[in-house]
Amino acid sequence: MRFLYKREFLKRFDSYHQAIQELIIKTDQQIKEYLMTGLAPYGLRVRKIGPKTFEARVSDRIRVVWVKEKELVSFVLLGDHDEVRRFIKQI
């Protein structure tokens, strides 16, 4: 499986403080493990939000959104609830 990080995702990652970045990295590792094994820790709270689009929780306020197509997983959004809603409307 290949993983791709969109430019907007990386820009947003860079904008967070180091402590939040560490949480995001941990969540990223948990998402990859989930994609490989199908098992996710409860706190990750993976949710399908579109036909090929999924969301996971970094913290109470921050979410990660990715799109899975066959063997390619694209991390497309890192943001709050409102940003995820706007993204879903664009799908």
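Predicted model: local features only at pLDDT ≥ 70, side-chain atom pairs only at ≥ 80, totals over all residues.
Arg-85 is exposed, with a relative accessible area of 51%; here buried means under 20% relative accessible area, exposed over 50% and partly exposed in between, with a 1.4 Å probe and protein chains only. Residues are numbered from 1 along each chain as its sequence is written, and side-chain values use heavy atoms, with hydrogens and water left out.

The side chain of Arg-85 meets that of Asp-82 in a salt bridge, 2.9 Å from N to O. A salt bridge is defined as a side-chain nitrogen of Lys or Arg within 4 Å of a carboxyl oxygen of Asp or Glu. Both Asp-82 and Arg-85 belong to helix α3, three residues apart, about one turn of the helix; helices (H or I, at least four residues) and strands (E, at least two) are DSSP runs numbered from the N terminus. Asp-82 counts as partly exposed, at 43% relative accessibility.

Six salt bridges are counted by this rule. Another of them is formed by Arg-12 and Glu-83, whose closest N and O atoms are 2.7 Å apart. This pair links distant parts of the chain, with Arg-12 in helix α1 (residues 7-15), Glu-83 in helix α3 (residues 81-90) and a separation of 71 residues. Arg-12 is partly exposed at 27% relative accessibility, and Glu-83 is buried at 19%.

Strand β3 (residues 53-57) is mostly covered, four of its five residues being buried. Strands are taken to pair if DSSP finds at least two bridges between them. Strand β2 (residues 47-48) runs antiparallel to β3 and is joined to β3 by two bridges, and a hairpin of four residues connects β2 to β3. Lys-48 has Phe-54 in β3 as its bridge partner. Between β3 and strand β4 (residues 63-69), also antiparallel, there are five bridges; these two strands form a hairpin with five residues between them. Arg-57 stands opposite Arg-63 in β4.

Arg-63 also forms a salt bridge with Glu-55, with 3.8 Å between the closest N and O atoms. Arg-63 and Glu-55 are both buried.

Six aromatic pairs are counted, where rings of Phe, Tyr and Trp (its six-membered ring) pair if their centres lie within 6.5 Å, and planes under 30 degrees apart count as stacked, over 60 as edge-to-face and the rest as tilted. For Tyr-5 and Phe-75, the ring centres lie 4.9 Å apart and the planes at 10 degrees, so this pair is stacked. Tyr-5 in strand β1 (residues 2-5) and Phe-75 in strand β5 (residues 72-79) are 70 residues apart, and the pair thus links distant parts of the chain. Tyr-5 is partly exposed, with a relative accessible area of 27%, whereas Phe-75 is buried, with a value of 0%. Phe-75 also pairs with Trp-66: the ring centres are 6.3 Å apart and the planes at 45 degrees, so this pair is tilted. Trp-66, like Phe-75, is buried.

Ring pairs link Phe-3, Tyr-5, Phe-9, Phe-54, Trp-66 and Phe-75 into a cluster. At Phe-3, the charged end of Lys-32 sits over the ring, 4.9 Å from its centre; the criterion is NZ of Lys or CZ of Arg within 6 Å of the ring centre and within 35 degrees of the ring normal.
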